[in-house]
Amino acid sequence: MKKLMIPLAASVLAVTLAACGGSSAPNTSSSTTSGVLKDTSGMALYSPAGESATNIRCTGGCTSIWMPLRPGKAKLSGATTITRPDGTEQVVVGGKPLYTFVQDSAGKVTGNGAQDAFSGKQFTWHAVQSGGTVSSSPMPASGGGYGSSGY
């Protein structure tokens with residue numbers, strides 16, 4: 001499991017660099033989305049430990065890396081929506097708010113087990129499995145995943 005401490009400034013810088021094409025080679029050792037919930041674009045869906053439909057912790061800069069899943073972006077059985085602290089809506093399955101990860105590509109799971117921090121809040125992210133359970137498996141040790149992009 002990789003431990004990452006990313007202050008808000010680094011998050012903004014990473015997003016800016018990614019928009020400018022400043023990313024490194026793609027991660028080729030990530031696992032596939034077999035059994036993992038996906039949005040309509042094939043992106044894996046994640047939820048952080050300690051977050052629930054009534055306790056949204058990923059706000060501000062966190063949402064530039066971990067993007068809240070918006071209604072209409074996935075067809076999931078048992079999905080409901082909540083209103084986030086910023087007034088936007090987010091999809092929830094099994095009480096878990098769902099997010100996509102900026103460093104993923106369709107069919108890849110690179111953020112499972114990632115740890116980071118935003119605004120003094122610690123997060124450990126888990127891919128959400130079909131049925132709403134979270135994966136307890138960490139990211140591949142040899143793979144890049146979150147934090148390997150060289151930002």
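This is a predicted model: local features need pLDDT of at least 70, side-chain atom pairs count only at pLDDT 80 or more; totals for chains, interfaces and linings use all residues.

Student: Why is Ser119 called exposed?

Tutor: Its relative accessibility is 59%. Exposed means over 50% relative accessible area, buried under 20%, and partly exposed in between, with a 1.4 Å probe and protein chains only. Ser119 therefore counts as exposed.

Student: What is the phi of Ser119?

Tutor: Ser119 has a positive phi of about 50°, although it is not a glycine. In general, most residues other than glycine have a negative phi. Ser119 is placed in the loop between strand 9 (115-118) and strand 10 (121-127); strands are DSSP runs of E with at least two residues, numbered from the N terminus.

Student: What makes Cys58 and Cys62 a disulfide?

Tutor: Their sulfur atoms are 2.0 Å apart, and a disulfide is a pair of cysteine sulfur atoms within 2.5 Å. A search of the whole structure finds 1 disulfide, and both Cys58 and Cys62 are buried.

Student: Why is the disulfide of Cys58 and Cys62 called left-handed?

Tutor: The torsion about the S-S bond is about -105°, so the disulfide is left-handed.

Student: Why is the pair of Trp66 and Trp125 called stacked?

Tutor: The structure holds 7 aromatic pairs. In the pair of Trp66 and Trp125, the ring centres are 3.9 Å apart and the planes stand at 5°, so the pair is stacked. Rings of Phe, Tyr and Trp (its six-membered ring) pair if their centres lie within 6.5 Å; planes under 30 degrees apart count as stacked, over 60 as edge-to-face and the rest as tilted.

Student: Where in the chain do Trp66 and Trp125 lie?

Tutor: Trp66 is in strand 3 (residues 66-68) and Trp125 in strand 10, 59 residues apart, and the pair links distant parts of the chain. Trp66 has a relative accessible area of 0% and is therefore buried; Trp125, at 0% relative accessibility, also counts as buried.

Student: How do you know that Arg57 lies over the face of Phe123?

Tutor: Arg57 is at 4.7 Å from the ring centre of Phe123. A charge sits over a ring if NZ of Lys or CZ of Arg is within 6 Å of the ring centre and within 35 degrees of the ring normal.

How values were computed. Residues are numbered from 1 along each chain as its sequence is written. Side-chain values use heavy atoms; hydrogens and water are left out. Helices (H or I, at least four residues) and strands (E, at least two) are DSSP runs, numbered from the N terminus.
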